[in-house]
Amino acid sequence: MKQLSYYEKRDLKNIKKIGDYLSKLPEYCYDFFTGIENNSSTLTRVNYAMDLYVFFDYLEKYVLKKEKDKISLKDLDELEARNIENYLSYLSYYENGEKMLKNTERGKARKLASVRSFFKYLFNHDMLSSNVASKVETPKLHTKEIVRLEKDEVERMLDAVQSPTSFTNRQREYNKNTRDRDNAIVTLFLGTGIRISELVGLNVDDFDFSQNAFKVTRKGGNQTILYFSEEVEEALYEWLAKRETLPISEDEKAMFLSLQNRRICTRAVENLVKKYAKESTPLKKISPHKLRSTFGTNLYRETQDIYIVADVLGHKDVNTTKKHYAAISEDMRKSVAGKVKIYRD
C-alpha cells in the first residue's frame, strides 16, 4: 500500500474536521462546501467551517433562539443587515465552549468574508431571495507595522541557536540535541522565506544539493523549485549529518524531525523560533512569518524588484507583496536624496 504524503495526511485530517463541523450545521451547508470544493484548499474550507459554526452559534443564542441544525433557509432569508453587524460586534469578545475568545479587526474581516461567501452561494443558487450579507461593510483594517529582523538581530538570533546564554542548565542539555536541527530551520527561513507549512512538509528527497535547490509545495498544492545559498547549504548538511545518527523509521522521509524522530509539527517550529527570538530580540515578537518578512525585505533591498520578491515568496498577487514591503520604500527615498540638483555649481 502506498504511504500517504504529509500533504495527503493533512488533507484527510482537514476533511474530517470539516465533517465534524458540518454535522452540527443545517444540511444546506453541505451544498456550499460541495460548491467550493474544486476551487479551494482543505485548509481554506476548514476555516470556512469554523467561521460558519461561530456564526450559526451566534444565531442560535442571540437571534433565532433555535438549535443550529434547525435553522432554516427561511430563517436566513429573514435576517437583516443589522443582525450581521451585531454579530461583528459580538466577535470582539465571545464565549466558545469553555473558552473566551476575541477578534481583532482582521479576525472580524475574515469571519465576515466567510459569511459573505456563504450567503452569496445560497443567493446565486436561488436558495435565498436576497443577499443581506453583501450590505455589511468590512471593518476598516489599519496598516500593521512590518516586524522584521535587522542584520545585527539576525546574527544575534543565529548565535542564540548555536550558543544560548540565558538558558538554564536543563535547557542547554536539551539544546545540544536540537541545535543542528534548529539552526537549519532558522537558517532556511531566513535564507529562502518559505512558509512554516512549507517547511514542515519538506522531505529529504525534496533537496538537490548538486544544484542547491529544493522542491516546495505552495499554498493550494502547486510545487515550485527554490534555491538556497552556501550558508543554508552548510546548515542543512550539519543537520543531515546529525539526522543520519538518529534511530529513524525507514518510512519517515521528513526533513525535520521532533525528538520522537517523527515529522516536526508547526507548533514545535513556532515555539523554537519564539524561544531563540526571546533571547536575541526580546522587544520584538518574532515568529516564523517574521523571518519570512525578514527574507522578503532583504531580497527587495538587494534587487529593488517587487516582482522577483513576489515570485520567490509565492504571492499570487504582487499587490500582496507591495502591501507587506511598502515600508522599505523609505530606503529608496533616502537613496535618491541629493540626486536632483536645484542649482548648478
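## Aromatic pairs

The whole structure holds 26 aromatic pairs. Rings of Phe, Tyr and Trp (its six-membered ring) pair if their centres lie within 6.5 Å; planes under 30 degrees apart are stacked, over 60 edge-to-face, and the rest tilted. Tyr58 sits in helix α3 (residues 42–63) and Tyr87 in helix α5 (residues 81–90), so the pair ties together parts 29 residues apart in sequence. Helices are DSSP runs (H or I, at least four residues), numbered from the N terminus.

## Basis of the values

This is a predicted model: local features need pLDDT of at least 70, side-chain atom pairs count only at pLDDT 80 or more, and totals for chains, interfaces and linings use all residues. Residues are numbered from 1 along each chain as its sequence is written, and side-chain values use heavy atoms, with hydrogens and water left out.

## Helix α7 against α11

The axes of α7 (residues 151–162) and α11 (residues 266–280) come within 8 Å and cross at roughly 115°. Axes are lines fitted to C-alpha atoms over the stretch in contact, and angles run from 0 to 180 degrees between N-to-C directions. The crossing is right-handed (the near helix is turned clockwise from the far one by less than a right angle).

From α7, Arg156, Met157, Ala160 and Val161 make the contact; from α11, Val273, Tyr276, Ala277, Glu279 and Ser280 do. Contact means heavy atoms within 4.5 Å. The contact residues of α7 and α11 divide into 6 nonpolar, 1 polar and 2 charged. Here Ala, Val, Leu, Ile, Met, Phe, Trp, Tyr, Cys and Pro count as nonpolar, Asp, Glu, Lys and Arg as charged, and the others, Gly among them, as polar.

## Helix α12 against α13

α12 and α13 (residues 306–313) pack at about 150°, with their axes 9 Å apart. Their crossing is right-handed. Arg292, Phe295, Gly296, Leu299, Tyr300 and Thr303 of α12 meet Ile306, Ile308, Val309, Val312 and Leu313 of α13. This contact has 8 nonpolar, 2 polar and 1 charged residues.

## The second largest pocket

The second largest pocket has a volume of about 620 Å³. Of its 25 lining residues, Val154, Leu158, Leu190, Gly191 and Glu231 are closest to the centre. α7, α8 (169–192), α10 (230–243) and α12 (288–303) each supply at least two lining residues. α7 gives the most, with 6. The lining divides into 10 nonpolar, 7 polar and 8 charged residues.

A pocket is an open set of points on a 1 Å grid over the protein atoms alone, where a 1.4 Å probe fits, with protein on both sides within 12 Å along at least five of seven lines; lining residues have an atom within 4 Å of a point. Points are joined across faces, edges and corners, and the volume is the space filled by probe spheres set on them.
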